[in-house]
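Visitor: Please take a close look at one part of this model, the interface between the two chains, and describe how it is built.

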Amino acid sequence: MAFAFSLALLGCDDSPSSGSCEGPDCVVPPDACPDYNRLRNPYVGELHAHTVYSFDSIMAGVTVDPRDLYRFALGQSIDLPPFAPEAAQRSTRLRRPLDFAAATDHAEFFGEFRVCTVPGFDGFNSDFCADLRAQIEVSQDADRLLEPGEPLPPVFAEIAFILVDPAPERFPFCGIDDEDCLAETSMVWRDEQAAAEEFYDRCTFTTFAAYEWTGNPGNANIHRNVIFRNDTVPALPTSYIDAPKPQELWSALDAQCLKGLPGCDVLSIPHSSNFSKGLMFEPTNADGSPLSKEDAEFRAAIEPLVEIHQHKGNSECKVGVLTNDEDCGFETYEKAAIVDPSSPGAFVPPLSFARNALKEGLVQDEAIGANPFELGFVGASDTHNATAGATHEGDYRKTGHLGALDWEPRRLLRFLYVSGVESNGGGLAIVWAEENSRDAIFHALKRREVYATSGTRPRLRLFGGWNIPADACTSRNAVEIADQNGVPMGGTLPAAPDGASGGPQFFISAQQDPGPEGETGTPLERIQIIKGWVDAEGNAQEKVFDVAGGDRTADVDLNTCEVSGEGYASLCTVWTDPEFVPGQRAFYYARIFENPVCRWSTMLCNELGVDCTDIDNVPADFIECCSPVIEDQKVIKERAWSSPIWYRPETL
Amino acid sequence: MKLPKIIKSPILHFALLGLLLFVGARWLLPSEPIERAPDTRIVISELQVAALLSQYEATTGTVATDEVRAELIQRFAEEEMLCREAQRWGLTDNNQAIDLRLRQKMAFVSDEEHSDEELERQARALGLDSDDAVIRSMLVHNMRLLLSTKGEQEPTDAEVETYYERQRSRFTRPARMTGWHVFFSKDLRQSSVMAAARAAKAKLDAEALEPEQAVELGDVSPSGAQFKGQLAHQLASRFGSEFAKAAESLPEGQWSEPFETPFGAHLLLLKERTEPETPPLSDIRARVAAVYKSSQRQERLGAAMEALRARYEVVVE
């Protein structure tokens, strides 16, 4: 599919590297945007952010709605709770606008929270609703917040109880057959859509109607974001309560959207598999039976991406979990579920991480003839402040992502569920699309021509093919050449042409993030290719190749956070797999690193004057600064991950 | 709790209802009030006020000020107004959601099997339709919807056009830039990038080179030598904010002086800069119409509530 699409874009090889389309065979759509580029432009966006319509945002004192989220993404400021006393008031704005965004509020409790907060329904007077309203009030006032570490009020537990129940039911106050809550759910869902419509400005800013499906059966986080291509969407969202298994969610989307509603298109993006206890990528059907070829193809089609980086940590890989890749220690939590206490070295099931899922996908493909885990990569913030795209390392310590719950340092450091010292500012999704429109961006997401970043905005391109010239990087139309001779990230290598010898070539080009205005971005350190394959014995293997850079030294002063040394403004290489075996199915993805910088916690703990060598004198509020779980993370290397390119022996 | 739950009738019924309320409000809801003598005097007892106050205090943990007290009474009175208006408009008579609610409520208390009509009749006889909180909430909600969509037509071309003209700035799109740059790579040349750029500029000043030839004076730019229809923030994220600023200020058709970005040095030629412009209405009609409809509904509701406040007398006794 991806291959066919890129073929269709060929045909005008006389145009300059900007990709303007001037050749005789080149077809630019009549309504093309001014920056239309058949070689695709990079668009920076966020497909995972919450507003007041999410139960956990409103309970954290957040008051802003999807319209505020879109305004924020465009560059306007947003006020953050708490709102009292005056000294606690904060507001924030993005240093650089986004090109696209989607509000992904938790579909669970859309209606429940309306019933609880809008007088009139019977449920309004229920004990739960009264407690909930009290909690909402409290969360907006800094003087009345719970102390960090104090147990959360029972309303949190009552909500969590439903979300962890494998057979969830709605609150009893929802009325007969849940009708009150469902009626109000449709109201909220309509407003989410209306907000997306009002802010969609084709060619300039793209929005998507979306929501989050929030399943935690048995405390395993198997959350998914559901993103719709356009304004043709089902009447109601499908929440975990309606469809408590991912397969049931997909079936519902298939029935209500793909098959049931002409013009409707949708995809589902899993996130935080690091807390899924290995359940995010189970290669089975809902009843536990093994996947058939058709099951795998359906799954790959509806779930083409995985969010591998966000504020609740990284889900690419983890040292000790089927890998000894030393760069797999980045922004990982030392626990297997979000509610667990930190316990370094605790067992984490391998399929909690995307790289292992990619490897399992190859094994499945080998067995059943289709790969259920053909997953491209996106990053996201998962902010609950409606601050879409707020991933700046230096800003996270001031804004947090969870309203009043992490509004001040001691709370940000110690709130142990969503934030806390192991959390981070989250990542972004950068899409290679012809133009900034819903169709173009959605199509790019579906074909996985998208990459994840850990929050900064470096450029990363990857093409794989059989005829990419070794000197492509020094050509003035390098991308043109790579695009003509290969498939972009997210695709599957075509059949090798007759006479091809050796392995496929990969063109990898990266440029540093130049940084927002008034700030210099961090140079690149190196490019790696991560290869996974299935060996002759049928076992999945992986290997990391350093393919460019890595030979300049840079450092960061832990006390001042000042950086020194050198890196690269850009790196480019054409790499040939030296260990290619034609009969072995494989995937390849690129990972790029920036030079080291201080982690947000290091900046914050420095500002607070914490001295961990004198641990007895560190105030209890800031003791997390000296937590062993961040010992190795005083310094981080921001990074980006391309979506993989796959190789299938069947194509030979 | 299995999947079929989604297609169970009450949910579909409500999904459909919600949809109808929004998209079909205009033809689903009545266009004129039915004749009923409206009681425009709202009497709120001290007992009701006390209940409002204690609810507020229980929720917020603070004692209501006089201002808050007035606001609570006002809100309560407005909901009552909306309920009475809903009766006046006949929303109780042909509201399937209310009928359903009444049937279900009645079926709960009644042991015997009854027809739908009989259940509804019994419920009304017991007065369940006037004091049921769910029904009241539905009525308030639907009445607000009715008031905000009352008389709503698909906006005419003229209305959309007028709104577009009045709110132009809301739909204005930023400048877009098209051009070329000669690039000198810091990675390749280290500290000599600016010297190289100055030498190239001297050559450009002396000879009239086509942009395609000019870019050959510099190094390969990994982000391309040409850019087309770019917004300032796109240029900034590709080449750095210095580049974007130069593109925003440079006159068209002349090479810039050398300047530096994190990538190296650049000479910039701006071929075209479209000034910030509002796209022709024909390009964005759907969006303008959506924003217009949304703003009209808010205005309509505000005006209607003001009229109601003028018509009703609110007494606390």
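Guide: Chain B and chain A bury about 5800 Å² between them, with 55% of it on carbon and sulfur atoms; buried area here is the accessible area (1.4 Å probe) that two parts lose on being put together, summed over both. This is a predicted model, in which local features need pLDDT of at least 70 and side-chain atom pairs count only at pLDDT 80 or more, while totals for chains, interfaces and linings use all residues. Residues are numbered from 1 along each chain as its sequence is written, chains are lettered from A in the order in which they are written, and side-chain values use heavy atoms, with hydrogens and water left out.

Chain A brings 71 residues to the contact and chain B brings 61, contact meaning heavy atoms within 4.5 Å. The rule for polar contacts (a pair of N or O atoms within 3.5 Å; within protein, one must be able to donate a hydrogen and the other to accept it, and residues adjacent in sequence count only if both atoms are side-chain atoms) finds 17 residue pairs across the interface, both at pLDDT 80 or more. On the side of chain B that touches chain A, the elements that each supply at least two residues include α1 (9–23), α8 (133–149), β3 (226–231) and α16 (281–311) of chain B; helices (H or I, at least four residues) and strands (E, at least two) are DSSP runs, numbered from the N terminus. The largest share of that side, 9 residues, comes from α1(B).

The count of salt bridges between the chains is 5, a salt bridge being a side-chain nitrogen of Lys or Arg within 4 Å of a carboxyl oxygen of Asp or Glu. Among them, Arg552(A) pairs with Asp187(B), the closest N and O atoms being 3.8 Å apart.
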